[in-house]
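Here is a short briefing on one protein model. Please have the sequence and the 3D view open as you read.

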Amino acid sequence: MQNYLKVIWGLQEWSDAPVSNSAIAEAAGVRLSTVSDALRKLTDLELIGHARYGSVTLTELGRGHAVAMIRRHRLLETFLVQQLGYEWDEVHEEADRLEHAVSDELISRLDRVLGYPTRDPHGDPIPSADGRVHRPDAVTLAAAPAPGTVRVERISDSDNEMLQYFASRGLVVDAELEILPGEPYAETVTVQVGGAAATVSLGPAAAASVWVSAVGR
C-alpha cells in the first residue's frame, strides 16, 4: 500500500496531468488488474479518492502517508550518496528496499547527521518532518526559452542509463546551462554545460527529464 501511495504522489508531484490507473500500473511495473485491486483497498481505507474523469487523488490521510514514505526514500538516497559513496544512478532501488525497514528514529537521525538536507541527489525536494514540501519554481528544459541561461534544479531518476550519460556530460543538479538557439523544426535542445566549449544535444525524452530555473531566481 505504501508503494502505491508513493507512486501516486510521484506522478502528480511534477505534473498537472491526471493520475490514471494505467499511469500507476506503468510506474509501478504491475498489471492494470493488480492496480485496480490495490486502489479499491486504498479507497476503502480512505487513502485515495477518484476525481473527475476517473483520475486518482490522495486524500489528506493518504497524502500524509505518501509524504512520509517520500521523506524516507529521499533521505536514504542522500545518505547512500553522501556517506556511502553510491552513484546517483544506483540509489533508487536500494532506497526502495530500505525505506520499509527503517524506523522513524533512524530517519530522524539520518536527517540530523546529513545536516537537514532539502533536496535528494536528483534535486527532488525532501519533505520536512512535519510534512511540508517545497517544490522549486522550475520548468522542463524542453519548455525553457532559448537562448537563455538556466540552472538545473531537478533531474528525473526514472532512467539509470540516462543519469549516467548526464553525469558524464556534467549535467547534474545545480549545473548552469546555456541554452543555444535551436534549428527550425528540430526536436532537440542544445546546451553548453558550465561554460564548456563542447555542446550537448538532448532529444525530447532527455530534455523533458531535466527541470531548470532561470539564473538569478
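**Pockets, a helix and a set of strands**

The second largest pocket has a volume of about 300 Å³. The model is predicted. For the largest pocket, the volume is about 1000 Å³. The points below take the pockets in turn, then a helix, then the strands.

**Second largest pocket**
- The lining of the second largest pocket is made of 17 residues.
- Thr118, Arg119, Pro125, Ile126 and His134 lie nearest the centre of this pocket.
- By class, this lining holds 8 nonpolar, 4 polar and 5 charged residues.

**Largest pocket**
- The lining of the largest pocket counts 33 residues.
- Nearest the centre of the largest pocket lie Val7, Gly10, Leu11, Ala27 and Ser158.
- Helix H1 gives the most, with 7 residues.
- The lining of the largest pocket divides into 14 nonpolar, 9 polar and 10 charged residues.

**Helix H3**
- Helix H3 spans residues 32-44, which makes 13 residues.
- From first C-alpha to last, H3 reaches 19 Å, close to the 18 Å expected at 1.5 Å a residue.
- Val35, Ala38, Leu39 and Leu42 of H3 are buried.
- Lys41 and Asp44 are exposed, on the face of H3 turned away from its buried side.

- Strand S6 covers residues 189-193.
- Which residues of S6 form its covered face? They are Val189, Val191 and Val193.
- Thr190 and Gln192 form the uncovered face of S6.
- In a regular strand, side chains alternate between the two faces of the sheet.
- Strand S5 (residues 176-179) pairs with S6 in the antiparallel sense, over 3 bridges.
- In this pairing, glutamate 178 stands opposite glutamine 192 of S6.
- Strand S7 (residues 199-202) also pairs with S6 in the antiparallel sense, over 4 bridges.
- Here valine 191 stands opposite valine 200 in S7.
- The hairpin of S6 and S7 has 5 residues between the strands.
- Within this hairpin, glycine 194 takes a positive phi near 60 degrees.

Notes: Residues numbered from 1 in each chain as written. Predicted model: local features only at pLDDT ≥ 70, side-chain atom pairs only at ≥ 80, totals over all residues. Heavy atoms only, no water. Buried < 20%, exposed > 50% of the residue type's maximum accessible area, 1.4 Å probe, protein only. Helix = DSSP H or I, 4+ residues; strand = E, 2+ residues; numbered from the N terminus. Pairing = 2+ DSSP bridges. 1 Å grid on protein atoms, 1.4 Å probe; cavity = no way out; pocket = protein on both sides within 12 Å on 5 of 7 lines; lining within 4 Å. Points joined across faces, edges and corners; volume = space filled by probe spheres on them. Nonpolar A, V, L, I, M, F, W, Y, C, P; charged D, E, K, R; others polar. Expected span 1.5 Å × (residues − 1).
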